[in-house]
Amino acid sequence: MSKTNIEYPMPGNDRDLYSGLIRLHVLHHAVREPIFGLGMADELARHGYRISPGTLYPLLHGLEKRGYLRSTAVQNGKSRRKVYRATAAGRKALQLAKSKVRELFRELIEGK
Ligand SMILES: [Zn+2]
């Protein structure tokens with residue numbers, strides 16, 4: 001997987017359409033393990049979501065502001081990085097979202 005700092009436009013400029021999916025994806029990983037911006041950008045790129053730091057960092061801040069994530073500053077060599085974990089509210093929100101995703105999946109993919 002390549003790692004660059006260039007701006008990644010979403011396919012067809014449909015970023016608004018995917019923003020909720022990206023948030024759920026971020027939340028999913030933050031429930032499983034501590035996440036940080038660049039690592040999450042790589043993970044999203046692996047799934048075909050090309051998201052620039054200028055988009056991802058405000059997204060992470062927004063999730064923290066809403067109480068879904070909590071950040072701590074971690075020393076990483078000479079630099080400090082922000083590490084995010086899901087809060088109890090974030091876990092609960094993801095749990096509720098899962099049933100919505102399941103329902104949407106049934107209709108979109110399985111045609112039910
Ligand atoms: Zn993932």
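Two residues are taken to be in contact if their C-beta atoms, placed from the backbone, lie within 7 Å. The structure is a predicted model, in which local features need pLDDT of at least 70 and side-chain atom pairs count only at pLDDT 80 or more, whereas totals for chains, interfaces and linings use all residues. Residues are numbered from 1 along each chain as its sequence is written.

**View 1. Overall arrangement of the elements.** The protein has four helices and two strands, where helices (H or I, at least four residues) and strands (E, at least two) are DSSP runs numbered from the N terminus. Read from the N terminus on, the order of the elements is α-α-α-β-β-α. Among contacts between residues at least 6 apart in sequence, 52% join residues at least 24 apart. Of the 112 residues, 14% count as buried, a residue being buried if 20 or more other C-beta atoms lie within 10 Å of its own, exposed if 12 or fewer, and partly exposed in between.

**View 2. The largest nonpolar core.** A nonpolar core is a set of buried Ala, Val, Leu, Ile, Met, Phe, Trp, Tyr and Cys residues joined through C-beta atoms within 7 Å. The largest such core has 15 residues, and those with the most contacts inside it are Leu27, Ala30, Leu63, Tyr68 and Leu69. Two or more residues of this core are given by each of α1 (15-32), α2 (37-46), α3 (53-65) and β2 (79-86). In soluble globular proteins, nonpolar side chains tend to be buried together.

**View 3. Surroundings of Ala30.** Ala30 lies in helix α1 and is buried, because 25 other C-beta atoms are found within 10 Å. When its neighbours within four places in sequence are left aside, Ala30 is in contact with Ile35, Leu69, Tyr84, Arg85, Ala86 and Gly90. The C-alpha atoms of Ala30 and Tyr84 are separated by 6.6 Å, although these residues stand 54 residues apart along the chain.

**View 4. Surroundings of Leu69.** Leu69 belongs to strand β1 (residues 69-76) and counts as buried because it has 24 C-beta neighbours inside 10 Å. Apart from its neighbours within four places in sequence, Leu69 is in contact with Ala30, Leu60, Leu63, Glu64, Tyr84, Arg85, Ala86, Thr87 and Gly90. Between the C-alpha atoms of Leu69 and Val83, which are 14 residues apart along the chain, the separation is 9.7 Å.

**View 5. The crossing of α1 and α4.** The axes of α1 and helix α4 (residues 88-108) come within 10 Å and cross at roughly 130°, where axes are lines fitted to C-alpha atoms, for helices over the stretch in contact, and angles run from 0 to 180 degrees between N-to-C directions. The two helices α1 and α4 are therefore oblique to each other, given that angles under 35 degrees count as roughly parallel, over 145 as roughly antiparallel, 65 to 115 as roughly perpendicular and the rest as oblique. Leu24, Leu27, His28, Ala30 and Val31 of α1 make this contact with Gly90, Arg91, Ala93, Leu94, Ala97 and Val101 of α4. By class, the contact has eight nonpolar, two polar and one charged residues, with Ala, Val, Leu, Ile, Met, Phe, Trp, Tyr, Cys and Pro counted as nonpolar, Asp, Glu, Lys and Arg as charged, and the others, Gly among them, as polar.

**View 6. The packing of α2 against α3.** The helices α2 and α3 pack at an angle of about 115°, with their axes 10 Å apart, and are therefore roughly perpendicular to each other. Gly37, Met40 and Ala41 in α2 meet Pro53, Leu56, Tyr57 and Leu60 in α3. The residues of this contact divide into six nonpolar, one polar and no charged.
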